Amino acid sequence: MDITPFVSPNCSSHYRIKKAQVMPKSAKKKKDKVADFSKARLKLGKGKATPTNAIDTSFKARSIALPFQSIVAEKDASQPITRRQLTFSDLISHLKHYSAGTRKDALIGLRELLDSNWELINCLTPLVNAVVRLIGDEDASVRKQLLSFLAWLLPRIPSEDIVPHSSSLLLFTTSAQTHIFPEIRIDAVRLLDVLLECIPETVVSGWCATNDSHGSRVLGGYLGILNAGTKYGENDAGPLKATSTASVVLTPASKLVVLRSLATFLRAALSPLESLSAPQAPSNSSTALDAIFMRNAFPSIEAYYSFESLLKSTSQTSCKSVFRNWQTEVSPDDEFADIFTQSFKLLEYQSGDPWTLHDLTSTNGVSGETESLQNSRLASTDFVAHLANTLHSTIIETYLDCAPSVFSPGSTPSETEVQLIVTIVRIAQSLYHVILQSSDSVDQEHVAHLESIVNYMAPYFPASTRDNKLEQPFEEFNLIFCELTSLAVNASQIESSQPNQKRKARKGPSHTSSHKAKASLQTERVTQYITRRLRGEAASSAQIGVPINPTAYRALLPTIWALIGSAGTSADESNEVIHAALDHALKVSSKSACKRLTVEFVARLMLLGLQPHYHGALSADRNPGLKAKFDAWFVHLPQVLWELGNTNLPCTEIVLRAVLRVLQRRSKAAQIEVDFYPCSQVRFTDTIQTITSLQSRLVPYFHMDHPSRGALPGPYNKLPTSSTSRVRLLVLDVVGTIMALGKQEGHEFESLSMAVGLAVSGEDEQSYWMHILSFSSMNKK
């Protein structure tokens, strides 16, 4: 550094300092120098610092799982495997994996493995025990895959193989119904739909019992999800109580899932009790008609079953047998003396061995089956009535939420709202059909609830639309409204005919008169709707009329019967409905899908008028016009046989049995009336005229002479032989009955006898026909 003096002009001399051109010392070296000689301060609460020269001896270990790459384990090469080289045991173990993706992949692998190796289904026990634990899985993708897997698997397995595992399936399913998460409850309901499709009897078993049975837990789960209430309170007559403290509001889609499953559950639960012919059940034109709705025309269930057996073939096992205790003598005053036991329990398992005393003694309890069934039905009717009261607010609330948007003109309702309306009315139909038809005594509270539902539905009846997607649900809504209206009218009539019953008083005479006027208006609208549907007329000029389909016709039959067989319906409405039904039965084509149903229904109406125990409102003898239509329908049946040929053997058999039973019952009833009332010769003469008309129309069915083609065989020869079917023998039975009845009045009917002889010549049935001729010749008058 240089220092040079200089002299300032204003002051004394100063020194000027010149900086030397040198680099300063590094800051890092200064810090290192200070650090070497500084002492670290200890702070209060802090531990002693780790020396800089300390060696860290700690370590961390991680485990690596190799479940599929073990080179030590020996795998059986003969075991079936998936594309990922997984065996059945591997997939079962993966269902317990902590990873949701692994559990989902295991379900996919099980479906792949079982689809290509169905023999693995013999390992059903470990499979069910593993998959049931995933019913309440908290991962939505796993539950969705489980539903897909079970919906694919269970329908492929016979129901008798699923029933042993039903306890585990239903235990975990009902547990999931009460899960804390609402989405798990809804998925549990979806699984119940699969189980109701495969094992409905097991799912609904004990549903109306007070014990902890499967059906009782399932029904309680439904009510809990809907927050509707319990099946009962603390006692059987207790008030309704909430079943769930979780105030979860269901979305419309989730509510539809629950209500639709509940409707399926109720239909399955109530069908064994009443053998209901539910219109929504899958059926086709080949399914026999279940006329349980005509049960109220008979004094007992035994009389109804005996009547139903008239049109049942021996191959049909659906007709219930009548069991009666054996008696040494039968009183002539017994009104059921002509009802004979149709089956014997020991004959059903006949093995050729002699019956022991124990076998014969054990059959004594069979006759009480009908009585115990009746008692259980009465008990379940009370239960169903209480359940209807529980669900009444839910039905009304859901209907009022969706009806305005669904039925508003010009609106485009969502599919969910439309299905909610249909599902709600299905539930009401299932419940009130049992309540109001299972007992002669009707509680006024139940009638009032049904009338409130009908009154809410009435403003939108009949529902119509131009949208093809809405035609089917709207039609089902109209059909159910017709049946509920008929139930309400009949129940009101029963209620008014019971003066000694304690009923809740109406609000006054004005209320009663307005109520009757409203019911009359609804009945009139239902009558017009049924008449229009049977005639195939359009609802408005802007629409095209279409013939009624078999499903709609089957659904309307209970309503038609209620209108023509109830004393509460006016004579004009009853006549309008019965004439429309007979006109439709006459005009419908023989090859139409509705033909068999019309034959079964009208034949029952004819036979019912010939029943000695029937005292209903339907009587053709007091109405000449109605009797003429019944006779015209009966005489046109040979034409139906001709047109059917061999294309529809079940329908042909029904027609033949209808002709045979009506001839047998009508001739017997006419002869009895002539014996006791000689002035009633007109009815017997009408029977002979009908027989004469029938025989002339049956001649071409066996043989005909064509003007240009000569002699030709009739449709009889196209029927299968008696070795494979009894239809030919049944035809000969009908002809034999006609021949026997004609010979009683001196009519030989030679043309019919000759035509039948030519048709059976050289056939297996020739000996049978000769036997019939010899028998009818013995019954000449």
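This is a predicted model: local features need pLDDT of at least 70, side-chain atom pairs count only at pLDDT 80 or more; totals for chains, interfaces and linings use all residues.
Is Val 662 buried or exposed? Val 662 is buried, because its relative accessible area is 1%, and the cut-off for buried is under 20%. Now look at Leu 310. In sequence, Val 662 and Leu 310 are 352 residues apart. In space, their C-alpha atoms are 9.7 Å apart.

Next, helix α21. It runs over residues 595-609. That is 15 residues. From first C-alpha to last, α21 reaches 22 Å. How many residues of α21 are buried? The count is 14 of the 15, so α21 is largely enclosed by the rest of the structure.

Which helices pack against α21? Take α19 and α22 in turn. Helix α19 spans residues 550-565. It packs with α21 at an angle of about 15°. Their axes are 10 Å apart. That angle makes α19 roughly parallel to α21, because angles under 35 degrees count that way. The crossing of α19 and α21 is right-handed.

Now helix α22, residues 624-635. Here the angle with α21 is about 130°. The axes of α21 and α22 lie 11 Å apart. So α21 is oblique to α22. This crossing is left-handed.

Helix α3 covers residues 100-116, and helix α5 covers residues 140-153. They pack at an angle of about 15°. Their axes are 9 Å apart. Therefore α3 and α5 are roughly parallel to each other. And the handedness? α3 passes α5 in a left-handed crossing.

On to helix α26, residues 727-744. It has 18 residues. From its first C-alpha to its last it reaches 26 Å, and 26 Å is what is expected at 1.5 Å a residue. α26 is mostly covered: 16 of its 18 residues are buried. What follows α26? Gly 746 does, and its phi is positive, near 85°.

Now the strands. Strand β3 takes in residues 703-706, and strand β4 takes in residues 710-713. In which sense do β3 and β4 pair? The sense is antiparallel, over four bridges. Together β3 and β4 form a hairpin, with three residues between them.

Stay with β3 and find His 703, which belongs to that strand. Opposite His 703 stands Pro 713, in β4. His 703 has 18% relative accessibility, so it counts as buried. The cut-off, again, is under 20%. Then there is Tyr 716. His 703 and Tyr 716 are 13 residues apart along the chain. Their C-alpha atoms are separated by 8.4 Å.

Now a serine with two contacts. Ser 452 lies in helix α16, residues 444-457. Its side chain makes a polar contact with the side chain of His 392, at 3.5 Å. The side chain of Ser 452 also reaches a backbone oxygen. Which residue supplies that oxygen? His 449 does, at 2.5 Å.

Last, two backbone details. Most residues other than glycine have a negative phi, and most peptide bonds are trans. Now the cases here. The peptide bond from Phe 461 to Pro 462 is cis, with omega near -5°. Where is Pro 462? Pro 462 is found in the loop between α16 and α17, and α17 covers 468-496.

The other case is Gln 85. It is not a glycine, yet its phi is positive, about 65°. Gln 85 lies in the loop between α1 and α2. For orientation, α1 is 27-37 and α2 is 88-94.

To recap a few stops. Helix α21 is largely enclosed, with 14 of its 15 residues buried. It is roughly parallel to α19 and oblique to α22. β3 and β4 make the hairpin. And the bond from Phe 461 to Pro 462 is cis.

Conventions. Residues are numbered from 1 along each chain as its sequence is written. Side-chain values use heavy atoms; hydrogens and water are left out. Two strands pair if DSSP finds at least two bridges between them. A polar contact is a pair of N or O atoms within 3.5 Å; within protein, one must be able to donate a hydrogen and the other to accept it, and residues adjacent in sequence count only if both atoms are side-chain atoms. The expected span of a helix is 1.5 Å times one less than its number of residues. Buried means under 20% relative accessible area, exposed over 50%, partly exposed in between (1.4 Å probe, protein chains only). Axes are lines fitted to C-alpha atoms, for helices over the stretch in contact, and angles run from 0 to 180 degrees between N-to-C directions. Angles under 35 degrees count as roughly parallel, over 145 as roughly antiparallel, 65 to 115 as roughly perpendicular and the rest as oblique. A crossing is left-handed if the near helix is turned anticlockwise from the far one by less than a right angle, and right-handed if clockwise.
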